[in-house]
Amino acid sequence: MILILNGVSLQIDGRPIVHGADVEIGPGEFVGLLGPNGCGKSTLLRSAYRALRPSAGLITVEGDDLVRLTPRESARRTAVVAQEAPAELDFTVAEVVAMGRTPHKRPLDRTTAADELICAQALERVAAGHLRERGFTTLSGGEKQRVLIARALAQRSRLLLLDEPTNHLDIRHQLEILRLVRGLGISTLAALHDLNQAAEYCDRLYLMDGGRIIAGGSPAEVLTPERIAQVYGVRAVQRTQ
Ligand code: ADP
Ligand code: MG
Ligand code: MG
């Protein structure tokens, strides 16, 4: 397993937010994390990139206890595109992607020729090579998301954590990002909102409600009409597969 959360509980300012979460991501799996606003998706993801330490339970990345890794090593192993306010203002695309080579610290270190090659390849993988000299803030929403994914790819980690990567994108660009992520073949845990999209693009899903993982498995296993009604309070959601 690339990532294992075993009975992970999380608190913010002493308030319990996530309760005993069990999550596993295997090699190359694209796993969706679903659930209504405020159910704890972002908080759970934060624990997996060590922005939040569990109050109980264990997180292992490639078999190693996350809290025992050095900050440099844990940053190297988990690449994240979060919803937090971007620190990317006033940087060019090339500079933003280069930050992926030094994920444990900011501002930028000097990058080597090898780093520059890795960054150029990362930009090509998200079809954004032509954007490299652009200012990050001048990009469209879809372009920004692709560049942030390129920054994550530049880390060369085997685990990608994405917090609502399709947020604020129109439907065409939402699907573009989902196809892109799926095509990467990197173990990915992504908080998503659209149940149909998650069912179509993800290998497996976890559904959260009230800080608990209430179901995990294939899209068909997780997104039963009864469960959707229970969690979202709506009766029928059109499924695409
Ligand atoms: P989701 O990502 O599923 O929408 P979050 O993980 O962001 O949910 O939030 C889960 C709960 O934790 C919510 O009740 C939210 O208000 C609370 N929470 C999240 N971040 C903070 C924070 N920095 N300070 C206080 N409460 C927070
Ligand atoms: Mg939210
Ligand atoms: Mg969130």
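This report walks through a predicted model, from its ligand shell to its sheets and its core.

Some ground rules come with it: local features need pLDDT of at least 70 and side-chain atom pairs count only at pLDDT 80 or more, while totals for chains, interfaces and linings use all residues. Residues are numbered from 1 along each chain as its sequence is written, and chains are lettered from A and ligands numbered from 1 in the order in which they are written.

**Around the ligand**

Let's start with ligand 1. The residues around it include Ile12, Asp13, Ile17, Asn37 and Lys41; a residue gets in if its C-beta atom, placed from the backbone, lies within 6 Å of the molecule. By type, the shell holds three nonpolar, six polar and two charged residues. Here Ala, Val, Leu, Ile, Met, Phe, Trp, Tyr, Cys and Pro count as nonpolar, Asp, Glu, Lys and Arg as charged, and the others, Gly among them, as polar. Helix H1 (residues 41–48) gives the most to this shell, with three residues. Helices (H or I, at least four residues) and strands (E, at least two) are DSSP runs, numbered from the N terminus.

**The strands**

Elsewhere, all five residues of strand S3 (residues 30–34) are buried, so S3 is largely enclosed by the rest of the structure. Buried means 20 or more other C-beta atoms within 10 Å of a residue's own, exposed means 12 or fewer, and partly exposed is in between, with C-beta atoms placed from the backbone.

| Strands | Sense | Bridges |
|---|---|---|
| S1 and S4 | antiparallel | five |
| S3 and S8 | parallel | four |
| S3 and S9 | parallel | four |

**The core**

The largest nonpolar core has 70 residues, and Val97 and Ala150 have the most contacts inside it. Such a core is a set of buried Ala, Val, Leu, Ile, Met, Phe, Trp, Tyr and Cys residues joined through C-beta atoms within 7 Å. Helix H5 (residues 141–154) gives the most to this core, with seven residues.

How values were computed: Pairing = 2+ DSSP bridges.
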